[in-house]
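Subject: Structure handover

Hello,

My notes on it come after.

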Amino acid sequence: MPNHHHKGSAVIILTRLDGKSVAVNEDLMVFVEQTPDTVLTMSSGQRLMVKEPLMDVIERIHARLPNTHLVMHGSSSVPEEWRDVFNANGGEMRETYGVP
């Protein structure tokens, strides 16, 4: 789904668990986590659960704000090819995720 601009702010359109669309101002998101549902925590403290997978939400934010560095708590931004080299040499690193 496309991103939209609302009163000068960038918003992304997401889907609540009840199937209704919601426009979320990405500048006001503090955390996005998988618990196993995707939960957005806003700067107001409000929490919003959405149907979109965690990485889909992150990719939408990154598409709108490509020069913004996102902090991914509880995940790794180790490139997949580096993980493969590490594991090929006796390491045991699980699947990694990073922002493109």
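**Ground rules**

This is a predicted model: local features need pLDDT of at least 70, side-chain atom pairs count only at pLDDT 80 or more, and totals for chains, interfaces and linings use all residues. Residues are numbered from 1 along each chain as its sequence is written, and side-chain values use heavy atoms, with hydrogens and water left out.

**Overall make-up**

The protein has two helices and six strands. Helices (H or I, at least four residues) and strands (E, at least two) are DSSP runs, numbered from the N terminus. Along the sequence the pattern reads β-β-β-β-β-β-α-α.

Of the 100 residues, 30% are buried. Buried means under 20% relative accessible area, exposed means over 50%, and partly exposed lies in between (1.4 Å probe, protein chains only). The exposed surface comes to about 6,900 Å², with 53% of it supplied by carbon and sulfur atoms. Accessible areas come from the Shrake-Rupley method with a 1.4 Å probe; for residues, only the protein chains shown count as cover.

Take contacts between residues at least 6 apart in sequence: 32% of them join residues at least 24 apart. Contact means heavy atoms within 4.5 Å.

**The sheet**

Three strands form an open sheet in the order S4-S5-S6, with antiparallel pairing. S4 and S6 are the edge strands, each pairing on one side only. From one strand to the next, the twist averages 20°. Two strands pair if DSSP finds at least two bridges between them.

S4 and S5 pair over five bridges. Valine 32 has leucine 40 in S5 as its bridge partner. S5 and S6 pair over four bridges. Here threonine 41 is partnered by arginine 47 in S6. The hairpin of S5 and S6 has four residues between the strands, and glycine 45 takes a positive phi near 95° in it.

S6 has two faces. Leu48 and Val50 are on the covered one, Arg47 and Met49 on the uncovered one.

**The core**

The largest nonpolar core has eleven residues: Ile12, Leu14, Val22, Val24, Met29, Leu40, Met42, Leu48, Val50, Val57 and Ile61. Strands S2 (9–15), S3 (21–25), S5 (38–42) and S6 (47–50), and helix H1 (54–64), each supply at least two residues of this core. A nonpolar core is a set of buried Ala, Val, Leu, Ile, Met, Phe, Trp, Tyr and Cys residues joined through side-chain atoms within 4.5 Å.

Valine 57 is one to look at. Leaving aside neighbours within four places in sequence, valine 57 is in contact with Ile12, Leu14, Val32, Thr38, Leu40, Val50 and Glu52.

**Helix H1**

H1 lies across S4, S5 and S6 and runs at about 150° to S4. Axes are lines fitted to C-alpha atoms, for helices over the stretch in contact, and angles run from 0 to 180 degrees between N-to-C directions.

Leucine 54 sits in H1. Leucine 54 is buried, at 19% relative accessible area. Beyond its neighbours within four places in sequence, leucine 54 is in contact with Val32, Glu33, Gln34 and Thr38. Leucine 54 and threonine 38 are 16 residues apart in sequence, yet 5.6 Å apart in space, C-alpha to C-alpha.

**Salt bridges**

The whole structure holds four salt bridges. The criterion is a side-chain nitrogen of Lys or Arg within 4 Å of a carboxyl oxygen of Asp or Glu. Side chains of opposite charge can pair when their charged atoms come close.

- Arginine 47 and glutamate 33 meet at 3.4 Å, N to O. This pair links distant parts of the chain: arginine 47 is in S6, glutamate 33 is in S4 (residues 29–34), and they are 14 residues apart. Glutamate 33 is partly exposed, at 30% relative accessibility.
- Aspartate 56 and arginine 60 have their closest N and O atoms 3.1 Å apart. They are four residues apart in H1, so about one helical turn separates them. Aspartate 56 is partly exposed at 26%, whereas arginine 60 is buried at 14%.
- Arginine 83 and aspartate 84 have their closest N and O atoms 2.9 Å apart. Arginine 83 is buried at 13%, and aspartate 84 is partly exposed at 39%.

Best wishes
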